[in-house]
Amino acid sequence: MGRIDLGLQAVSGKQVDLGRQGGAHFAISAGAAPEVLVLSGQLTIHTVTEARAAFDELSGRRITALDLGALERLDTAGAWALLSLQQEFRATDRDLALTGATEAIASLLKTVDGAMPKPETAETRPLTLTGVLDMTGRRVMGGVGFLRDLTAYFGIFLHRLARILRHPGEFRFTALVHHCEAVGLNAVPIVALMSFLIGVVLAFQGAVQLRQFGAEVFVVDLLAVSILRELGVLLTSIIVAGRTASAYTAAIGSMKMREEIDAMRTLGLDPAINLFVPRILALLLMLPILTLIANLAGLFGGGLMAWIDLGISPEMFRIRLVEGTDISHVFAGLVKAPFFALIIGVVGCHAGMQVKSNAESLGRKTSTAVVTAIFMVIVADAIFSIFFARMGI
Amino acid sequence: MSTPDPIIKLRGIRNQFGRQVVHDDLDLDVYRGEILGVVGGSGTGKSVLLRTITGLQTPAAGSVTVLGTDVLHADGKTRSDIEQRWGVMFQDGALFSSLTVRENVEVPMRAIPGLDPAIRRMLADLKISMVGLPYLAGDKYPSELSGGMRKRAGLARALALDPDMLFLDEPTAGLDPIGAADFDLLIRGLSRSLGLTVFLVTHDLDTLHATCDRIAVLAERRVLVTGTMTDMLDVDHPWVHEYFHGPRARAAASETGAHREGRDE
């Protein structure tokens with residue numbers, strides 16, 4: 001209601017202040033003729049919201065001109081408001097002249113008039129059943145394509161590995177050692193610590209349950225089976241997937257971004273031999289070693305907890321461990337390590353090669369690589385569990 | 001051209017990084033409504049000068065006066081008022097990558113109290129159109145745009161609040177000659193019709209010819225000389241002489257000369 005009053009007053013000849021924002025002042029008042037309104041003050045981005053509300057009231061009135069002679073300041077926002085009002089008038093076959101503009105204001109109006117945006121809408125497809133099916137199909141095919149890509153990268157790795165076995169001169173041994181250090185040696189503290197703590201937790205939780213049956217000593221079997229078969233290799237792989245898959249994607253991805261990989265190709269260097277093989281091979285060598293360290297650290301943590309909490313002496317722990325645990329448990333855990341290593345390495349290298357030429361895609365691909373690697377490691381672990389169960393290992 | 005009252009006044013500016021002194025006792029005036037081109041060899045601190053005026057780099061000594069206010073010693077309120085009166089376009093646009101082009105242009109407008117979001121959106125569309133981008137570019141993310149379009153979008157954001165002063169860092173670097181010439185025309189057209197004062201750092205001789213009213217040459221840690229293009233040709237300093245008389249300079253001069261003749265006909 002207030003706004004309508006303002007509009008009525010404006011036409012009846014009384015000056016009305018519309019904008020007071022930020023000290024700016026803008027007013028509409030009646031001119032010499034009834035069809036002419038005089039604008040004064042500052043019509044800028046600070047007053048445009050109020051001005052436009054007032055213009056909305058004006059658009060239904062019999063006005064033929066706006067006198068801009070008394071305007072102190074007009075910016076593009078104000079010019080836009082004036083010109084949109086003019087467009088509304090023209091849409092209903094009326095004219096609205098903008099008179100009395102100074103040279104600067106006229107030039108501004110001309111520039112803005114030439115640039116008045118003409119809204120276009122992007123083509124949007126309505127959501128139909130076929131659309132949903134189409135989208136689902138594309139997603140599924142995308143997933144299948146991704147798996148095919150990974151297999152292809154694995155194939156490339158095997159092919160180049162065979163090639164360097166025949167031509168050892170092409171192999172970059174220094175790179176392999178460097179990656180072994182980064183992937184293996186530097187990961188030892190975190191892997192050992194994590195596994196030690198898992199051993200402590202397992203022993204403690206196991207003791208609480210087993211004590212109810214007076215079967216505390218079976219905590220050793222619990223520790224041995226769960227760490228050697230599953231937790232040692234699985235948790236090590238997850239940590240390595242987080243550390244190394246992301247590092248591989250970031251390193252290869254940033255080389256891809258800076259066109260280093262294209263430069264290698266033009267120089268006749270094969271990116272697969274120079275980048276993928278040393279990295280994946282380093283993982284293949286290091287992950288079993290890390291798993292072994294994790295197993296030992298886990299058993300040590302569990303043994304320590306069993307000694308403190310259950311009074312199982314280290315000697316008794318050792319005897320129980322050797323007598324009660326079949327060596328096949330160690331085998332069943334360690335045999336998975338090279339497979340997990342291949343998954344992590346291939347996923348990391350593949351994601352790195354998918355990076356586009358902008359930094360956002362590097363970040364996105366790095367996190368995708370970690371998630372994919374961890375997910376696939378866990379899936380592979382589940383498959384191994386079923387396989388071993390069927391085979392009775 | 002030169003009105004007595006400069007809009008930007010630098011006095012005795014000293015900038016140094018560790019032991020390396022970039023500027024020493026540098027004076028520079030920028031007058032209202034002019035397009036000032038700043039040139040200089042690599043490492044003469046052209047961008048550092050731009051960063052000094054816009055407050056991204058605090059000089060070790062000297063004063064920076066913008067619109068009559070000493071910006072180095074101004075309180076937060078005064079500074080932010082002045083910041084609303086200038087727009088900066090960085091080399092690659094420096095758009096916020098998580099926002100669309102339209103949202104990028106809206107960012108400075110969010111500081112205006114009481115501005116209706118629908119109007120803000122339409123004003124952003126207007127700025128996008130003013131810098132010569134198609135309407136649908138507003139919905140795109142910076143990574144989906146070409147380098148030239150990113151620069152234009154950066155310019156649209158710099159112009160969002162109708163600034164009095166516009167700072168451009170290498171506006172035509174990385175553009176093809178046609179795109180660069182279009183951009184020169186755009187800057188000149190906008191600065192004339194919006195009454196902008198433009199501070200333009202560039203390497204591009206064509207840009208200097210096509211847009212700048214006045215040129216300031218940075219050398220020997222200070223502003224060596226300022227003046228029009230014609231003044232530059234008479235300067236007797238080895239670098240300046242080489243710069244404005246080199247083969248590229250002659251090519252640029254003859255091209256703009258031909259242009260002007262063409263226009264006169």
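**Helix packing, a loop, hairpins and the chain contact**

Mentor: In this predicted model, the axes of helix 5 (residues 129-166) of chain A and helix 13 (residues 336-353) of chain A come within 10 Å and cross at roughly 105°.

Trainee: How are helix 5 of chain A and helix 13 of chain A oriented to each other?

Mentor: Their axes cross at roughly 105°. Angles of 65 to 115 degrees count as roughly perpendicular. Helix 5 of chain A and helix 13 of chain A are therefore roughly perpendicular.

Trainee: Which class of residue makes up eight of the contact between helix 5 of chain A and helix 13 of chain A?

Mentor: Helix 5 of chain A brings A:Asp149, A:Leu150, A:Tyr153, A:Phe154 and A:Phe157, and helix 13 of chain A brings A:Leu342, A:Val346, A:Val347, A:Cys349 and A:His350. One residue of this contact is charged and one is polar. The other class, with eight residues, is nonpolar.

Trainee: Is A:Ile312 buried or exposed?

Mentor: A:Ile312 sits in the loop between helix 10 (271-310) and helix 11 (314-324) of chain A. A residue counts as buried with 20 or more other C-beta atoms within 10 Å of its own. A:Ile312 has 21 such neighbours, so A:Ile312 is buried.

Trainee: What is the C-alpha to C-alpha distance between A:Ile312 and A:Val220?

Mentor: Leaving out residues up to four places away in sequence, A:Ile312 touches A:Val217, A:Val220, A:Ala306, A:Trp307 and A:Phe317. A:Val220 is 92 residues away from A:Ile312 in sequence, yet the C-alpha to C-alpha distance is 9.2 Å.

Trainee: In strand 3 of chain A, which residue is the bridge partner of A:Ile28?

Mentor: Strand 2 (residues 26-30) and strand 3 (residues 36-43) of chain A run antiparallel and are joined by five bridges. A hairpin of five residues links the two strands. The partner of A:Ile28 in strand 3 of chain A is A:Leu39.

Trainee: Which residue in the turn between strand 9 and strand 10 of chain B has a positive phi?

Mentor: Strand 9 (residues 214-219) and strand 10 (residues 222-227) of chain B run antiparallel, with five bridges. B:Leu218 stands opposite B:Val223. The hairpin has two residues between the strands, and the one with a positive phi, about 50°, is B:Glu220.

Trainee: Which helix of chain B supplies the largest share of the side that touches chain A?

Mentor: The contact involves 22 residues of chain B and 26 residues of chain A. On the chain B side, helix 4 (117-130) and helix 6 (177-194) each supply at least two residues. The largest share, six residues, comes from helix 4 of chain B.

Notes. Residues numbered from 1 in each chain as written. Chains lettered and ligands numbered in written order. Predicted model: local features only at pLDDT ≥ 70, side-chain atom pairs only at ≥ 80, totals over all residues. Helix = DSSP H or I, 4+ residues; strand = E, 2+ residues; numbered from the N terminus. Buried ≥ 20, exposed ≤ 12 C-beta atoms within 10 Å, placed from the backbone. Contact = placed C-beta atoms within 7 Å. Pairing = 2+ DSSP bridges. Axes fitted to C-alpha atoms, helices over the stretch in contact; angles between N-to-C directions. Parallel < 35°, antiparallel > 145°, perpendicular 65-115°, else oblique. Nonpolar A, V, L, I, M, F, W, Y, C, P; charged D, E, K, R; others polar.
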